Amino acid sequence: MSTLLSDGGAVLTRQLQKARHAPALLILTQTMPITMLLFFGYVFGSALAMPGAEYREFLVPGLLAATAANGLMTGMFTAAQDAHRGVMDRFRTLPMSRTAVPLGQTAADLLTTGVSMVPLMLVGLAMGWRIENGLPGALAALGVLLLFRFATAWVGTYLGLLSKSEEAAGQLGSATFVLPMLSSAYLPTAGLPGWLRTVAEWNPISAVATAVRELCGNAGGEAAAGAAWPAAHPVAGALVWSVLLLALFVPLATRRFAGGAR
(Lines give C-alpha, C1' and ligand atoms only; values in the text may rest on other atoms or scores of the structure.)
Protein backbone atom coordinates (compact mmCIF):
# COMPACT_ATOMS: atom_id res chain seq x y z
CA MET A 1 0.00 0.00 0.00
CA SER A 2 2.84 2.40 0.86
CA THR A 3 4.46 1.69 -2.50
CA LEU A 4 1.16 2.36 -4.29
CA LEU A 5 0.69 5.67 -2.48
CA SER A 6 4.27 6.87 -2.98
CA ASP A 7 4.33 5.87 -6.66
CA GLY A 8 0.87 7.34 -7.20
CA GLY A 9 1.98 10.55 -5.50
CA ALA A 10 4.92 10.82 -7.89
CA VAL A 11 2.64 10.42 -10.91
CA LEU A 12 0.18 12.92 -9.41
CA THR A 13 2.98 15.49 -9.01
CA ARG A 14 4.04 14.93 -12.62
CA GLN A 15 0.49 15.45 -13.86
CA LEU A 16 0.06 18.67 -11.88
CA GLN A 17 3.34 20.04 -13.24
CA LYS A 18 2.27 19.05 -16.74
CA ALA A 19 -1.06 20.89 -16.29
CA ARG A 20 0.78 23.97 -15.02
CA HIS A 21 3.02 24.12 -18.10
CA ALA A 22 0.25 23.27 -20.60
CA PRO A 23 -3.01 24.59 -19.13
CA ALA A 24 -5.06 24.71 -22.36
CA LEU A 25 -7.27 21.71 -21.54
CA LEU A 26 -7.83 22.93 -17.97
CA ILE A 27 -8.79 26.41 -19.18
CA LEU A 28 -11.18 24.98 -21.77
CA THR A 29 -12.94 22.67 -19.31
CA GLN A 30 -13.16 25.51 -16.77
CA THR A 31 -14.50 28.25 -19.03
CA MET A 32 -16.98 26.14 -21.01
CA PRO A 33 -19.41 25.53 -18.08
CA ILE A 34 -19.32 29.24 -17.17
CA THR A 35 -20.09 30.19 -20.77
CA MET A 36 -22.97 27.73 -20.83
CA LEU A 37 -24.27 29.02 -17.50
CA LEU A 38 -24.37 32.58 -18.80
CA PHE A 39 -25.89 31.53 -22.12
CA PHE A 40 -28.53 29.11 -20.83
CA GLY A 41 -29.26 31.12 -17.70
CA TYR A 42 -29.92 34.46 -19.38
CA VAL A 43 -30.85 33.54 -22.96
CA PHE A 44 -33.05 30.49 -22.34
CA GLY A 45 -34.05 31.09 -18.73
CA SER A 46 -36.91 33.45 -19.50
CA ALA A 47 -38.21 31.23 -22.31
CA LEU A 48 -38.70 28.13 -20.16
CA ALA A 49 -41.67 27.20 -18.02
CA MET A 50 -39.68 28.01 -14.89
CA PRO A 51 -39.10 31.69 -14.09
CA GLY A 52 -35.60 32.77 -15.01
CA ALA A 53 -34.21 32.92 -11.48
CA GLU A 54 -35.61 29.49 -10.61
CA TYR A 55 -34.20 28.01 -13.79
CA ARG A 56 -30.74 29.31 -12.91
CA GLU A 57 -31.14 27.63 -9.52
CA PHE A 58 -31.98 24.43 -11.42
CA LEU A 59 -29.18 24.92 -13.96
CA VAL A 60 -26.12 25.43 -11.73
CA PRO A 61 -26.23 21.94 -10.15
CA GLY A 62 -26.74 20.47 -13.62
CA LEU A 63 -23.64 22.21 -14.93
CA LEU A 64 -21.67 21.05 -11.89
CA ALA A 65 -22.75 17.48 -12.69
CA ALA A 66 -21.79 17.96 -16.35
CA THR A 67 -18.39 19.24 -15.21
CA ALA A 68 -17.96 16.12 -13.10
CA ALA A 69 -18.87 13.97 -16.12
CA ASN A 70 -16.12 15.70 -18.14
CA GLY A 71 -13.66 13.42 -16.36
CA LEU A 72 -14.51 11.06 -19.20
CA MET A 73 -13.07 13.47 -21.76
CA THR A 74 -10.02 14.66 -19.81
CA GLY A 75 -9.12 11.15 -18.63
CA MET A 76 -9.37 9.85 -22.18
CA PHE A 77 -7.21 12.61 -23.64
CA THR A 78 -4.55 12.44 -20.91
CA ALA A 79 -4.18 8.66 -21.09
CA ALA A 80 -4.10 8.62 -24.90
CA GLN A 81 -1.51 11.39 -25.01
CA ASP A 82 0.84 9.58 -22.60
CA ALA A 83 0.24 6.20 -24.26
CA HIS A 84 1.02 7.36 -27.79
CA ARG A 85 4.02 9.49 -26.83
CA GLY A 86 5.83 6.62 -25.10
CA VAL A 87 5.33 7.86 -21.54
CA MET A 88 3.36 4.77 -20.51
CA ASP A 89 6.09 2.50 -21.92
CA ARG A 90 8.69 4.27 -19.80
CA PHE A 91 6.51 3.92 -16.71
CA ARG A 92 6.19 0.17 -17.34
CA THR A 93 9.98 -0.24 -17.22
CA LEU A 94 10.12 1.23 -13.72
CA PRO A 95 9.82 -0.86 -10.52
CA MET A 96 6.48 0.67 -9.51
CA SER A 97 2.93 -0.42 -8.80
CA ARG A 98 0.89 -0.90 -11.98
CA THR A 99 -2.12 0.76 -10.37
CA ALA A 100 -0.07 3.84 -9.40
CA VAL A 101 0.04 5.39 -12.88
CA PRO A 102 -3.71 5.53 -13.61
CA LEU A 103 -4.33 6.33 -9.93
CA GLY A 104 -1.96 9.30 -10.04
CA GLN A 105 -3.53 10.57 -13.26
CA THR A 106 -7.09 10.33 -11.96
CA ALA A 107 -6.13 11.84 -8.60
CA ALA A 108 -4.52 14.82 -10.34
CA ASP A 109 -7.67 15.25 -12.42
CA LEU A 110 -9.72 15.19 -9.21
CA LEU A 111 -7.63 17.95 -7.62
CA THR A 112 -7.77 20.21 -10.66
CA THR A 113 -11.52 19.65 -10.92
CA GLY A 114 -12.04 20.68 -7.31
CA VAL A 115 -10.26 23.95 -8.06
CA SER A 116 -11.99 24.52 -11.39
CA MET A 117 -15.46 24.16 -9.85
CA VAL A 118 -14.91 27.22 -7.64
CA PRO A 119 -15.28 29.86 -10.41
CA LEU A 120 -18.44 28.16 -11.69
CA MET A 121 -19.95 28.20 -8.20
CA LEU A 122 -19.00 31.85 -7.71
CA VAL A 123 -20.61 32.86 -11.01
CA GLY A 124 -23.67 30.83 -10.06
CA LEU A 125 -23.91 32.63 -6.71
CA ALA A 126 -23.64 35.97 -8.51
CA MET A 127 -26.54 34.91 -10.76
CA GLY A 128 -28.81 34.04 -7.86
CA TRP A 129 -28.05 30.41 -7.08
CA ARG A 130 -28.09 29.65 -3.37
CA ILE A 131 -27.21 26.66 -1.17
CA GLU A 132 -30.32 26.48 1.01
CA ASN A 133 -29.23 23.54 3.17
CA GLY A 134 -26.12 25.18 4.61
CA LEU A 135 -22.56 23.89 4.88
CA PRO A 136 -23.43 20.19 5.48
CA GLY A 137 -25.51 20.09 2.30
CA ALA A 138 -22.80 21.87 0.34
CA LEU A 139 -20.08 19.48 1.52
CA ALA A 140 -22.24 16.44 0.79
CA ALA A 141 -22.99 17.75 -2.72
CA LEU A 142 -19.29 18.41 -3.34
CA GLY A 143 -18.48 14.88 -2.19
CA VAL A 144 -21.00 13.40 -4.63
CA LEU A 145 -19.57 15.50 -7.48
CA LEU A 146 -15.94 14.62 -6.79
CA LEU A 147 -16.69 10.91 -6.38
CA PHE A 148 -18.46 10.90 -9.75
CA ARG A 149 -15.60 12.85 -11.34
CA PHE A 150 -13.13 10.30 -9.99
CA ALA A 151 -15.22 7.47 -11.45
CA THR A 152 -15.59 9.07 -14.89
CA ALA A 153 -11.85 9.83 -14.98
CA TRP A 154 -11.15 6.11 -14.60
CA VAL A 155 -13.59 5.36 -17.43
CA GLY A 156 -11.84 7.94 -19.60
CA THR A 157 -8.41 6.58 -18.70
CA TYR A 158 -9.40 3.09 -19.82
CA LEU A 159 -10.86 4.35 -23.10
CA GLY A 160 -7.79 6.52 -23.69
CA LEU A 161 -5.52 3.49 -23.26
CA LEU A 162 -7.69 1.61 -25.77
CA SER A 163 -7.56 4.40 -28.36
CA LYS A 164 -5.60 3.98 -31.58
CA SER A 165 -4.28 7.56 -31.60
CA GLU A 166 -4.46 10.91 -29.80
CA GLU A 167 -6.72 12.22 -32.55
CA ALA A 168 -9.16 9.34 -32.16
CA ALA A 169 -9.28 9.91 -28.40
CA GLY A 170 -9.89 13.62 -28.93
CA GLN A 171 -12.74 12.96 -31.35
CA LEU A 172 -14.36 10.40 -29.07
CA GLY A 173 -13.88 12.68 -26.08
CA SER A 174 -15.59 15.54 -27.90
CA ALA A 175 -18.54 13.26 -28.65
CA THR A 176 -19.14 12.82 -24.91
CA PHE A 177 -20.40 16.42 -24.89
CA VAL A 178 -23.82 15.05 -25.85
CA LEU A 179 -24.19 12.94 -22.69
CA PRO A 180 -25.37 15.81 -20.43
CA MET A 181 -27.91 16.71 -23.12
CA LEU A 182 -29.51 13.29 -22.59
CA SER A 183 -29.97 13.91 -18.87
CA SER A 184 -31.69 16.25 -16.43
CA ALA A 185 -28.64 18.52 -16.29
CA TYR A 186 -30.30 21.31 -18.29
CA LEU A 187 -34.02 20.46 -18.35
CA PRO A 188 -36.43 18.44 -16.18
CA THR A 189 -37.13 14.98 -17.56
CA ALA A 190 -40.87 15.02 -16.76
CA GLY A 191 -41.80 16.65 -20.07
CA LEU A 192 -39.72 14.36 -22.30
CA PRO A 193 -41.22 11.63 -24.52
CA GLY A 194 -41.51 8.26 -22.78
CA TRP A 195 -38.45 6.50 -24.25
CA LEU A 196 -36.26 9.60 -24.01
CA ARG A 197 -37.34 10.19 -20.42
CA THR A 198 -36.31 6.63 -19.55
CA VAL A 199 -32.89 7.13 -21.15
CA ALA A 200 -32.41 10.46 -19.36
CA GLU A 201 -33.48 9.18 -15.94
CA TRP A 202 -31.10 6.21 -16.12
CA ASN A 203 -28.25 8.46 -17.25
CA PRO A 204 -25.79 8.70 -14.31
CA ILE A 205 -25.47 12.44 -14.89
CA SER A 206 -29.18 12.85 -14.08
CA ALA A 207 -28.74 11.12 -10.73
CA VAL A 208 -25.75 13.30 -9.86
CA ALA A 209 -27.44 16.54 -10.95
CA THR A 210 -30.64 15.74 -9.01
CA ALA A 211 -28.62 14.65 -5.97
CA VAL A 212 -26.79 17.99 -5.92
CA ARG A 213 -30.10 19.85 -6.20
CA GLU A 214 -31.57 17.82 -3.35
CA LEU A 215 -28.52 18.25 -1.10
CA CYS A 216 -28.34 22.00 -1.81
CA GLY A 217 -32.11 22.48 -1.43
CA ASN A 218 -32.56 23.74 -5.00
CA ALA A 219 -35.46 23.49 -7.45
CA GLY A 220 -35.63 20.14 -9.23
CA GLY A 221 -34.37 18.08 -6.30
CA GLU A 222 -37.73 16.36 -5.92
CA ALA A 223 -38.65 13.31 -8.01
CA ALA A 224 -41.42 13.55 -10.62
CA ALA A 225 -44.29 11.07 -10.57
CA GLY A 226 -43.35 7.76 -12.16
CA ALA A 227 -39.62 8.53 -12.16
CA ALA A 228 -37.09 5.72 -12.56
CA TRP A 229 -35.27 4.52 -9.44
CA PRO A 230 -32.11 6.67 -9.85
CA ALA A 231 -34.25 9.78 -10.36
CA ALA A 232 -36.51 8.92 -7.41
CA HIS A 233 -33.52 8.23 -5.11
CA PRO A 234 -30.88 10.56 -6.57
CA VAL A 235 -28.30 10.54 -3.77
CA ALA A 236 -28.32 6.75 -3.55
CA GLY A 237 -28.41 6.55 -7.35
CA ALA A 238 -25.40 8.84 -7.75
CA LEU A 239 -23.39 6.86 -5.20
CA VAL A 240 -24.34 3.49 -6.72
CA TRP A 241 -23.43 4.65 -10.24
CA SER A 242 -20.05 5.98 -9.04
CA VAL A 243 -19.18 2.82 -7.11
CA LEU A 244 -20.21 0.58 -10.02
CA LEU A 245 -18.09 2.56 -12.48
CA LEU A 246 -15.09 2.41 -10.15
CA ALA A 247 -15.53 -1.32 -9.49
CA LEU A 248 -15.60 -1.99 -13.24
CA PHE A 249 -13.05 0.43 -14.67
CA VAL A 250 -10.31 0.56 -12.02
CA PRO A 251 -9.28 -3.07 -12.72
CA LEU A 252 -9.87 -2.67 -16.46
CA ALA A 253 -7.67 0.45 -16.70
CA THR A 254 -4.98 -1.11 -14.49
CA ARG A 255 -4.94 -4.30 -16.56
CA ARG A 256 -4.83 -2.34 -19.81
CA PHE A 257 -1.91 -0.22 -18.58
CA ALA A 258 0.00 -3.28 -17.40
CA GLY A 259 -0.60 -5.12 -20.68
CA GLY A 260 0.53 -2.29 -22.92
CA ALA A 261 -0.69 -2.18 -26.53
CA ARG A 262 -1.47 -5.90 -26.76
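**Notebook: pockets, a cavity and a helix pair**

I looked up the second largest pocket and noted a volume of about 330 Å³. The model is predicted, and I read every entry below with that in mind. I counted 19 residues in the lining of this pocket, and those closest to its centre are T29, M32, N70, M73 and F177.

The largest share comes from α2, with 5 residues. By class I noted 12 nonpolar and 7 polar residues in the lining of the second largest pocket, and no charged ones.

**Cavity**

How many cavities of 30 Å³ or more are there? I found a count of 1. The largest cavity holds about 40 Å³ of space. I listed its lining as A66, A69, N70, T176, F177, L179, P180 and I205. This lining divides into 6 nonpolar and 2 polar residues, with no charged residue.

**Helix α4 against helix α7**

I then turned to α4, which spans residues 71-84, and α7, which spans residues 134-162. Their axes lie 6 Å apart, and the helices pack at an angle of about 35 degrees. I recorded the crossing of α4 past α7 as right-handed.

Which residues of α4 meet α7? I wrote down G71, L72, T74, G75, M76, A79, A80 and A83. On the α7 side the partners are R149, T152, A153, V155, G156, T157, L159, G160 and L161. The residues of this contact divide into 9 nonpolar, 7 polar and 1 charged.

**Record check**

I looked up "transmembrane region" in the unreviewed UniProt entry, which lists residues 24-46, 58-79, 100-126, 138-161, 168-187 and 235-254. I checked two of these spans in the model. Residues 58-79 are 95% helix and 0% strand, and their end C-alpha atoms lie 33 Å apart. For residues 100-126 I noted 100% helix and 0% strand, with 40 Å between the end C-alpha atoms.

How values were computed. Residues numbered from 1 in each chain as written. Predicted model: local features only at pLDDT ≥ 70, side-chain atom pairs only at ≥ 80, totals over all residues. Heavy atoms only, no water. Axes fitted to C-alpha atoms, helices over the stretch in contact; angles between N-to-C directions. Helix = DSSP H or I, 4+ residues; strand = E, 2+ residues; numbered from the N terminus. Left-handed = near helix turned anticlockwise from the far one by under 90°. Contact = heavy atoms within 4.5 Å. Nonpolar A, V, L, I, M, F, W, Y, C, P; charged D, E, K, R; others polar. UniProt positions renumbered as here; feature names shortened; annotations may be inferred. 1 Å grid on protein atoms, 1.4 Å probe; cavity = no way out; pocket = protein on both sides within 12 Å on 5 of 7 lines; lining within 4 Å. Points joined across faces, edges and corners; volume = space filled by probe spheres on them.
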